[in-house]
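Subject: Two-chain model, handed over with notes

Dear colleague,

I am passing on the structure we spoke about, with the sequence alongside, and below I set out what was found in it. Please read the notes with the structure open.

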Amino acid sequence: MKVKVMMNCPLKTPENAHLLLDYCARQLELESMSVLERHIAVCSACRNFTSGQRTVWQAMDTWEAAPVSPDFDRLLFRRIEVQVSWWDLLLRPFTTVTLRRGLSAAAMTCLLLVAGILLESPVVSPVPVTTGVMQGVVQVDTVQPEQVERALDAMEVLDQFSQHLRAERPGSKL
Amino acid sequence: MVERVKTGISVAVATLDFDAELMLRVKEGDGASFGVLLEKHRTPVVNFLYRMVQNHAVAEELAQEVFLRVYRSRGTYEPTARFTTWMFRIATHLALNALRDGKNDRLQERLDDDSGELPVKQVFDRRPSVEQSMVYEAKMDEVRRAISVLPEKQRAAVLMHKYEEMEYSQIAKVLNCSESAVKSLLFRAYETLRARLAHMA
């Protein structure tokens with residue numbers, strides 16, 4: 001950090017006041033340090049500031065934090081384990097590699113099926129899933145707004161579920 | 001000097017990349033990388049939280065929550081900022097919430113209860129006299145009290161500046177404010193501390 005204008009006392013120019021802190025922390029460039037040193041030599045306010053600041057930092061140095069408990073990691077990993085186990089329980093039926101690979105396709109199929117069930121209108125055409133899962137089209141003759149809302153909700157839940165499944169890979173368990 | 005600065009910058013960048021890289025490995029399912037991050041940042045995070053809430057048990061509880069959140073967020077992690085900035089933002093958020101939620105209601109009580117927790121052990125190791133121990137404890141207690149009366153944001157800024165040696169820009173990102181606001185926070189905080197601790201010169 002370079003002190004550009006040192007004609008004014010840093011304490012009288014609020015935007016430069018931090019320079020005194022940087023000076024005390026020896027975070028200024030050599031050139032700036034010497035400029036400030038020359039100023040401090042003739043400015044009693046800055047001299048008081050720097051000596052007071054050094055006192056504060058020396059006092060703060062005496063405040064050492066307690067060492068971390070030896071069982072910190074054990075407790076943390078137990079908490080992580082509990083969460084991971086919960087997900088494992090939920091995902092146990094979907095843990096085979098084949099299913100994982102086709103996870104997005106399966107989730108999309110489920111999504112379409114649930115959407116079809118939820119729509120449940122008297123005249124609903126069969127869900128025409130074509131070659132690609134992403135190309136599935138649902139043709140509905142009569143759809144009520146509530147039905148659409150419910151379907152969208154279900155889609156969102158399934159999407160989140162699918163994201164969680166992707167996030168939980170086999171090696172992620174600690 | 002210039003070389004030293006350059007080396008410092010490259011070290012900082014390397015550190016940034018290393019932590020972010022580790023976190024990206026965690027994202028890919030590498031649990032061991034999370035262990036490395038934990039090993040590296042456990043003590044700074046616990047110490048920062050301890051100095052914020054001034055209770056060791058609460059600090060460790062909060063630190064566990066920090067690392068749990070880091071682990072839980074691995075799936076959505078993107079290295080858009082320094083890893084430490086992100087982690088300390090979580091830590092500061094939790095500490096400020098804990099203080100506001102009233103976990104500091106018995107702060108004064110805890111200050112008294114905890115006052116001998118560490119220093120006694122450390123001072124004991126150095127085999128000081130009883131008077132030295134008492135002087136040391138009294139000094140530390142004064143520092144703790146002086147910091148505990150600072151407004152929460154000032155306290156967080158001072159702790160990150162002094163003990164974590166963070167730059168203004170990084171503190172600004174953690175506290176979600178401008179760099180000039182951080183400078184102002186620090187200036188006011190140190191002003192208070194200078195007034196309260198002047199007699200310790």
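Which residues of the largest nonpolar core touch the most other members? The model is a predicted one, and in it this core has 63 residues, of which B:L49, B:V53, B:L62, B:A157 and B:I171 touch the most other members. Helix α2 of chain B, residues 31-53, gives the largest share of the core, with nine residues.

Chains in outline

Chain A has seven helices and zero strands, while chain B comes to ten helices and zero strands. Of the 174 residues of chain A, 12% count as buried, whereas buried residues make up 36% of the 201 residues in chain B. As for contacts between residues at least 6 apart in sequence, 65% of those in chain B join residues at least 24 apart, and in chain A the residues 24 or more positions apart account for 63% of the contacts with a separation of 6 or more.

Helix packing in chain B

I begin with α2(B) and its partners. The axes of α2(B) and α3(B), the latter being residues 56-72, come within 8 Å and cross at roughly 140°. An angle over 145 degrees would count as roughly antiparallel, and α2(B) and α3(B) are therefore oblique to each other, in a crossing that is right-handed. On the α2(B) side the contact is made by B:F34, B:L38, B:V45, B:V46, B:L49, B:Y50 and B:V53, and on the α3(B) side by B:H56, B:V58, B:A59, B:E60, B:L62, B:A63, B:V66, B:F67 and B:Y71. By class, the residues of this contact divide into 14 nonpolar, one polar and one charged.

The axes of α2(B) and α4(B), the latter being residues 83-100, come within 10 Å and cross at roughly 25°, which makes α2(B) roughly parallel to α4(B). This crossing, too, is right-handed. From α2(B) the contact takes B:H41, B:V45, B:F48, B:L49, B:M52 and B:V53, and from α4(B) it takes B:M87, B:A91, B:A95, B:A98 and B:L99. The residues here divide into ten nonpolar, one polar and no charged.

What is the make-up of the contact of α4(B) with α9(B), by class? The axes of α4(B) and α9(B), the latter being residues 168-175, come within 8 Å and cross at roughly 50°, so that α4(B) and α9(B) are oblique to each other, and their crossing is right-handed. B:T85, B:F88, B:R89 and B:T92 in α4(B) meet B:Q170, B:K173, B:V174 and B:L175 in α9(B), and these residues divide into three nonpolar, three polar and two charged.

One residue in α10(B)

B:L185 is found in helix α10 of chain B, residues 179-197. Is B:L185 buried or exposed? The cut-off for a buried residue is 20 or more other C-beta atoms within 10 Å of its own, and because B:L185 has 24 C-beta neighbours inside 10 Å, it counts as buried.

Where the chains meet

The contact between the chains takes 30 residues from chain A and 38 residues from chain B. On the side of chain A that touches chain B, the elements that give two or more residues are α1 (18-24), α3 (44-61) and α4 (72-91) of chain A, and α3(A) supplies the largest share, seven residues. By class, this side of chain A has 17 nonpolar, eight polar and five charged residues.

With best regards

Methods: Residues numbered from 1 in each chain as written. Chains lettered and ligands numbered in written order. Predicted model: local features only at pLDDT ≥ 70, side-chain atom pairs only at ≥ 80, totals over all residues. Contact = placed C-beta atoms within 7 Å. Helix = DSSP H or I, 4+ residues; strand = E, 2+ residues; numbered from the N terminus. Nonpolar A, V, L, I, M, F, W, Y, C, P; charged D, E, K, R; others polar. Core = buried A, V, L, I, M, F, W, Y, C linked by C-beta atoms within 7 Å. Axes fitted to C-alpha atoms, helices over the stretch in contact; angles between N-to-C directions. Parallel < 35°, antiparallel > 145°, perpendicular 65-115°, else oblique. Left-handed = near helix turned anticlockwise from the far one by under 90°.
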